[in-house]
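The sequence and model are shown first.

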Amino acid sequence: MNVAMSIRLAKQLAEQVSCSRREAEQYIEGGWVKVDGVVVEEPGLRINARQQIELLPEATLEQQDPVTILFHKPAGLNLFAETPMAELAERLIAPDKRAAGDRAELRFLKRHLSNLNLIEPLEALASGLLIFSQDWRVTRKLVDDAAKIEHEFIVEVAGDIIPDGLKLLNHGLSFNRKPLPPIKVSWQNEKRLRFALKAPPRGLLAHMCEQVGLQVMSIKRIRIGRLPMASLAVGEWRYLLGYERF
């Protein structure tokens, strides 16, 4: 495209619908504008006179609420590598990976990937529930009240547990030379343990299992607070619904 013969989308929209340039940018960033039938979210996109611009009938300038996203992390994904959050979010929270059963009445927008916080990340070995949020209230709840919020894990193990090992897992072990508080641990089946604990540091579950003669084969977080991962498949994501609480 000849840049000299093109115009910024926001400028053209402002002229076409008689609104301010800033309002035009808000419409575009809100996903309310189509160019040649395709939604475009970049106000700075340069277009030519032959292209068709459409402002959707339901377009609004009302401030959209920040989003929180639930993601099922696959095992092996290292969240502690030096990857910018924007790049990580764009790679993981792709439109085609949105869960088919997501009941949130939200259109996916690129702006939903901006200013996300990853809260309570999982170690590389682990899979399961992750929380990404733009909402400072969610971030404050999960960070400031971390010591009060229970996490539930399913840990697959191998080996033979020592006598009274389950009792020790519930209370009696230490980590980093400090006694651990009581933790709820039970057998889900002969190879899987269920752990329910608050503010778990990295490496704790593997360390606890090793202390009682067990080797960890896999770790999956299935709940944070009152919020279960439920049927979210590996690599899929969905929006937090308005009534859901941690």
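## Largest pocket

A pocket is an open set of points on a 1 Å grid over the protein atoms alone, where a 1.4 Å probe fits and protein lies on both sides within 12 Å along at least five of seven lines.

The lining has 21 residues, and Asp135, Arg137, Leu240, Leu241 and Gly242 lie nearest the centre; a lining residue has an atom within 4 Å of a point. Helix H4 (residues 136–144) gives the largest share of this lining, three residues. By class, the lining has nine nonpolar, four polar and eight charged residues, with Gly counted as polar.

## Basis of the values

This is a predicted model, in which local features need pLDDT of at least 70 and side-chain atom pairs pLDDT 80 or more, while totals for chains, interfaces and linings use all residues. Residues are numbered from 1 along each chain as its sequence is written, and side-chain values use heavy atoms, without hydrogens and water.

## Helix H1

Leu9, Ala10, Leu13 and Ala14 of helix H1 (residues 9–17) are buried, meaning under 20% relative accessible area with a 1.4 Å probe, protein chains only. They sit on the same side of H1 because they cover an arc of only 130° around the axis, taken from the directions from the helix axis to the C-beta atoms. Helices are DSSP runs of H or I with at least four residues, and strands are runs of E with at least two.

Among the elements covering these buried residues are helix H2 (21–29) and strand S2 (33–35); contact means heavy atoms within 4.5 Å. Ser18 follows H1 and has a positive phi, near 55°.

## Cysteines

The structure has zero disulfides, a disulfide being a pair of cysteine sulfur atoms within 2.5 Å. Cys19 is buried at 17% relative accessibility, and Cys209 is buried at 0%.

Methods
Buried < 20%, exposed > 50% of the residue type's maximum accessible area, 1.4 Å probe, protein only.
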